[in-house]
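Please open the structure in your viewer and keep the selection panel at hand.

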Amino acid sequence: MSLSQPDLWRQQMHAAQCGDAEAYRALLTALRPWLSAYFRRRLQSPDTEDLTQITLVAVHEKRHTYDPTAPFMPWIAAVARHKLIDHVRKYGRYVHVELNELNEPVDEASLGLPATIARRDVQVLLSQLPVDQARVIRLHKVEELSLEDVSRLTGKSVAAVKVIVHRGLKKLRDSVGVPRKVYEDE
């Protein structure tokens, strides 16, 4: 039985972490076309090759952070997404980056990866906020509780909950580089 591409990449990354230079070389070689396609779909510019190289360097520098018991695709997609966001911030371009988007060479629905990545991204974003503010946003926006229910659970007035959610979401939008015009028009 042959391995799926993500499983093979996971095995190669684990072998690379254990010092297998040949597995590491094979992994980086296999990732190049996937990364190039990832960036071409999101950024219409000649910078895709540079981003691919930058991301491969980041994989090298961050390979120790990969947990070999976890799926590989969410990890590599997160590295690529962060490099894309860094690039967009640096050069002042606006591109749409879906938090739950993962274009990979396997059936996403069977793996449940987009939801996993979205949950991880939301957790990372909310961790940047004060605990109380993150809790209110999580209850209202993630768990989809009404403002009244959040008010009862937190002991805050409905007006205070609205303000906390508004200010927290604004802070999160600013932290990921969404231009103010994009969300002020909403």
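**Stop 1: Thr-52**

Please begin by selecting Thr-52 and Ser-36 in this predicted model. A polar contact joins their two side chains, at 3.3 Å. Thr-52 sits in helix H3, which runs over residues 48–62. Is Thr-52 buried or exposed? Its relative accessibility is 0%, so Thr-52 counts as buried. Now display its surroundings: beyond the neighbours within four places in sequence, Thr-52 is in contact with Arg-32, Leu-35, Ser-36 and Phe-39.

**Stop 2: the whole chain**

Next, zoom out and show the chain as a cartoon. How many helices and strands are there? The chain has 10 helices and zero strands, and its pattern along the sequence reads α-α-α-α-α-α-α-α-α-α. Of the 186 residues in the chain, 36% are buried. Consider also the contacts between residues at least 6 apart in sequence: 56% of them join residues at least 24 apart.

**Stop 3: helix H3**

Select residues 48–62 to return to H3. The 15 residues of this helix should span 21 Å at 1.5 Å a residue, and the end C-alpha atoms are 20 Å apart, which agrees. Then colour the buried residues of H3: Thr-48, Leu-51, Thr-52, Thr-55, Leu-56, Ala-58 and Val-59. Look down the axis of H3: these buried residues fall within an arc of 160 degrees, so they line one face of the helix.

What covers the buried residues of H3? The cover includes helix H1 (5–17), helix H2 (21–42) and helix H4 (72–91).

**Stop 4: helix H2**

Select residues 21–42, which form H2. At the start of H2, a side-chain oxygen of Asp-20 comes to within 3.1 Å of the backbone nitrogen of Glu-22. Follow the helix onward to Arg-32, where H2 bends by about 30 degrees; a proline, Pro-33, follows within four residues.

The buried residues of H2 include Ala-23, Tyr-24, Leu-27 and Leu-31. Ser-36, the partner of Thr-52 at the first stop, is also one of the buried residues of H2. The buried residues of this helix pack against H1, H3 and H4.

**Stop 5: the nonpolar cores**

Select Leu-31, Trp-34, Leu-35, Phe-72, Trp-75 and Ile-76 and show their side chains. These residues have the most contacts inside the largest nonpolar core, which has 23 residues. Each of H1, H2, H3 and H4 supplies at least two residues of this core. Which helix gives the most to this core? That helix is H4, with nine residues. Another core, of 13 residues, lies apart from the largest one; among its members are Leu-129, Ala-134, Val-136 and Leu-147.

**Stop 6**

Select residues 131–142, which make up helix H7. The buried residues in this helix are Gln-133, Ala-134, Val-136, Ile-137, Leu-139 and His-140. Of these, Ala-134 and Val-136 are also among the residues of the 13-residue core.

Move on to Glu-144, in the loop between H7 and H8. Its phi is near 60 degrees, a positive value in a residue other than glycine. At 67% relative accessibility, Glu-144 counts as exposed.

**Stop 7: Ser-151 in helix H8**

Select Ser-151, which belongs to helix H8 (residues 147–154). Ser-151 is buried, because its relative accessible area is 14%, below the 20% limit for that class. Residues up to four places away in sequence aside, Ser-151 touches Lys-156, Ser-157, Val-158 and Val-161. From C-alpha to C-alpha, Ser-151 and Leu-139 are 10.0 Å apart in space and 12 residues apart in sequence.

**Stop 8: Val-122 in helix H6**

Finally, select Val-122, found in helix H6 (residues 113–126). Val-122 has a relative accessible area of 27% and is therefore partly exposed.

Conventions: Residues numbered from 1 in each chain as written. Predicted model: local features only at pLDDT ≥ 70, side-chain atom pairs only at ≥ 80, totals over all residues. Heavy atoms only, no water. Buried < 20%, exposed > 50% of the residue type's maximum accessible area, 1.4 Å probe, protein only. Polar contact = N/O pair within 3.5 Å; in protein donor to acceptor, adjacent residues only side chain to side chain. Contact = heavy atoms within 4.5 Å. Expected span 1.5 Å × (residues − 1). Arc of directions from axis to C-beta. Core = buried A, V, L, I, M, F, W, Y, C linked by side-chain atoms within 4.5 Å. Bend = angle between axes of the 7 residues up to and from the residue.
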